[in-house]
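Have the sequence and the 3D view open as you read.

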Amino acid sequence: MAMISADNRGLRLATRYAVLVLIALIFIFPLVFMVMSSLKPDQQLLQDSGSLRAFLPVGDISLSNYFAAFQRAPVGTFVFNSVLVTGVTVVLSLLVCSAAAFAFVFVGWKGRDVLLSILLATLILPFETIAIPLLMMVAHLPWLGMDGLTWGWLNSYRVQIVPFIADGLTVFLFVQYFKDLPGELIEAARVEGASWFQIYRRIVMPLSGPILATAAILKFLVMYNQYLWPLMVTQAEGYRPVMVGLQYFFQLNVAWGEVMAYLSLITVPVLAFYLYLQKAFIASIASTGVKG
Amino acid sequence: MARISLKNVRKSYGATHVIKGVDIEIEDGEFCVFVGPSGCGKSTLLRMIAGLEDITSGELRIGETLVNDLPPKDRGVAMVFQSYAIFPHMTVCENVAFGLTIAGASKEEKEAKVAEAARILQMEHLLDRRPSQLSGGQRQRVAIGRAIVRKPQVFLFDEPLSNLDAALRMDMRMEIGRLHQQLGASMIYVTHDQVEAMTLADKIVVLKDGQVMQIGAPMDLYHDPANLFVAGFLGAPSMNFVKVTVQGVNGNKVLVSNAALDPVEVSGKRGPFKVGDQAILGLRPQYLSVAEGAGRLHGSVALTERLGSETVVEVTLKDGSPLIAALSHDAVFDIGSQMNLEFDPAQAHLFPEDGTATSSRH
Ligand SMILES: Nc1ncnc2c1ncn2[C@@H]1O[C@H](COP(=O)(O)OP(=O)(O)OP(=O)(O)O)[C@@H](O)[C@H]1O
Ligand SMILES: [Mg+2]
């Protein structure tokens, strides 16, 4: 009996691992293909793509596609712009949206239920429907900066950041998470004399590690993948992000090796961010003991 | 200084009335216990005093101040929750010091006060731990430590012991009693455990359906319940209620009887009663004894439970109704045998049939 059940368990484990490995491979093959292709000259790249060689660093391997990509487009500027816009938006968005959710969940005030449902209703609006009105608006907004009061936000970082700080989905994620926090913790803090801000900073935020990580990842992906909006609001190369930069590689004759090199380069920040958050995510679960 | 006074306090959630006009006075330094069945509004009342629920109408004063509209932090109260509500991301020390940190106390002050609280609660060795590394009883100590460290005027406890096992509950009960004597602050304590209520309280408030049934010292409530509800709620096993008919009224005295009860004269102060009325005679099981002679109550033994120091006998009275007698000695009875019981008429309580004539209306 014992033997059979042990065998069974081994078999089941093996099957499970096999399936997981298969899924992992499906996810990782395109990435491997991308990196390998970026190392090959165009002609070999196209030949290899029909066989398994596409996933192997064989043949004429070099970094020349990378040098060419840097020649063709200001890759550094694009990556810098994207990282800056994405980073600032993610941080501000987490702050603003979690504070809003905090007010919706913990602070009692007139009309909050109505306002929350209106906010949630905005989730069903695709961005494309508000893109044009938003464009007309940002084209005329004032800004008080280094060189005094100016009008119109086009060709700037702020036009890529500000409209995306507050968003319904992020607020909704925080609202759902906050609702599951034990209410007595917040009440205990209130009785102990904490102000709303102190409760937010000292109690709620330290217990929100998992949802901060989740919201950050989602926001990061949205921001890093921005294409339509920056295309509309930035004409100057100096403010354009990576996805708009991809255009530089699809002109008269497409150099696939360079495309792959460019894509490999712009994937690096995403992977770095993901690995960082994964660590932070696990650490926060371990230290708070909330939601084991 | 920290008198607490509630005047005609009410609470409604929309059309649901949860607290229906409550008047309570709690003296400075008093230990006041709210008891009542589940859902009667004990927690709601406590949370209104803490400032966590707003007051629909009426007046709530702490000291001389009307606090109806003050936020919790300005009321000078500390509260211990049923779930302990200690902050999982802070050490025990940080938890206990939380209120002081918020108030901007210096490091030295915090250390001194936390050390004192830890000494009082015997948890010096726990200060560096995280809540997840504590047992239930230890968490409870942390919650109490957090409450006492600020030296508030008023302590509020909402069923603080209900998540502990029986032995620990008894220890902590005594500890809370000791704490009250040491600190001398006013305490309001919510429970539905009548042992906690009887042993800890200077004053018990019995609540039912958002209304006060009776307020008084534990022994006053036990020996002189104002109505059937209080009579049945306090004491274990609970009071027997025997249906009787009024045979005669003589000033303050009322003569009652039924098929199983020989005519007996008892106090009629919960009246008024008149001849021919149906009434309820309340008899505590502990005050019943086996009669030497003919006795007053007649029935037969239905069941006995021998507990060693005590024998609980379930008797079926002649009119078929059940009755419990708790005899303070070990005794053996044959099931079905005839039993005559005796009691002191001064220890019997006569109530009008609806039982609530002396309390407020519904
Ligand atoms: N937000 C609310 N909306 C409507 N009714 C409520 C609300 N909160 C509490 N109640 C009702 O108020 C009544 C009193 O609740 P409360 O929690 O004070 O009872 P309790 O005496 O503490 O009971 P327990 O012993 O079970 O803790 C209950 O009937 C409950 O259903
Ligand atoms: Mg309760």
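Predicted model: local features only at pLDDT ≥ 70, side-chain atom pairs only at ≥ 80, totals over all residues.

Chain B has 362 residues, and 53% of them are buried. Its secondary structure comes to nine helices and 20 strands.

**Chain B at a glance**

- Along its principal axes, the C-alpha atoms of chain B fill a box of roughly 75 × 45 × 35 Å.
- The accessible surface of chain B is about 15,600 Å², with 49% of that belonging to carbon and sulfur atoms.
- Take the contacts in chain B with a separation of 6 or more: 66% of them are between residues 24 or more positions apart.

**Nonpolar cores**

- As a general point, nonpolar side chains tend to be buried together in soluble globular proteins.
- The largest nonpolar core here has 86 residues, and those with the most contacts inside it include Phe178(A) and Val204(A) as well as Leu6(B), Ile24(B) and Phe34(B).
- Helix H4 of chain A (residues 75–105) gives this core its largest share, 10 residues.
- Apart from that core lies another one of 50 residues, and among them are Leu100(B), Ile176(B), Phe229(B) and Phe233(B).
- Leu45(B) is also one of the residues with the most contacts inside the largest core. So what does Leu45(B) touch, leaving aside its neighbours within four places in sequence? Its contacts are Leu6(B), Ile19(B), Val22(B), Ile24(B), Phe34(B) and Leu207(B).

**Salt bridges around Arg3(B)**

- Over all chains, a search of the whole structure turns up 24 salt bridges.
- Arg3(B) pairs with Glu25(B), at 2.9 Å from N to O. This pair links distant parts of the chain, 22 residues apart: Arg3(B) sits in the segment before strand E1 (4–13), and Glu25(B) is in strand E2 (residues 16–26).
- Glu27(B) also forms a salt bridge with Arg3(B), with the closest N and O atoms 3.1 Å apart. Glu27(B) lies in the loop between E2 and strand E3 (31–35) of chain B while Arg3(B) comes before E1, so the pair ties together parts 24 residues apart in sequence.
- How exposed are these side chains? Arg3(B) is partly exposed, at 31% relative accessibility. Glu25(B) is partly exposed at 30%, and Glu27(B) is partly exposed at 36%.

**A helical pair and a network**

- Glu175(B) and Arg178(B) meet in a salt bridge at 3.9 Å, N to O. The two are three residues apart in helix H6 (residues 166–183) of chain B, which means that about one helical turn separates them.
- Glu175(B) counts as buried because its relative accessibility, 10%, is under the 20% cut-off. Arg178(B), with 34%, is partly exposed.
- Elsewhere, salt bridges with shared partners join Glu187(A), Lys11(B), Arg47(B), Glu53(B) and Asp54(B) into one network.

**The loop at Gln122(B)**

- Gln122(B) is in the loop between helix H4 (107–120) and helix H5 (136–148) of chain B.
- Leaving aside neighbours within four places in sequence, Gln122(B) is in contact with Arg141(B) and Arg178(B). Arg178(B) is the salt-bridge partner of Glu175(B) described above.
- Gln122(B) and Gln138(B) are 16 residues apart along the chain, and their C-alpha atoms are separated by 9.7 Å.

**Backbone details to look at**

- Most residues other than glycine have a negative phi, and most peptide bonds are trans.
- Where in chain B is Pro237(B)? Pro237(B) is in the loop between helix H9 (228–233) and strand E11 (240–250). A cis peptide bond joins Ala236(B) to Pro237(B), with omega about -10°.
- Asn8(B) has a positive phi, near 45°. Asn8(B) is found in strand E1 of chain B, and is partly exposed with a relative accessible area of 37%.
- Ala85(B) has a positive phi too, about 50°. Ala85(B) is in the loop between strand E6 (77–80) and helix H2 (92–96) of chain B.
- Is Ala85(B) buried or exposed? Ala85(B) counts as buried, at 4% relative accessibility.

Note on methods: Residues numbered from 1 in each chain as written. Chains lettered and ligands numbered in written order. Heavy atoms only, no water. Core = buried A, V, L, I, M, F, W, Y, C linked by side-chain atoms within 4.5 Å. Buried < 20%, exposed > 50% of the residue type's maximum accessible area, 1.4 Å probe, protein only. Helix = DSSP H or I, 4+ residues; strand = E, 2+ residues; numbered from the N terminus. Contact = heavy atoms within 4.5 Å. Salt bridge = Lys/Arg side-chain N within 4 Å of Asp/Glu carboxyl O. Areas by Shrake-Rupley, 256 points an atom, 1.4 Å probe, with all protein chains shown as cover.
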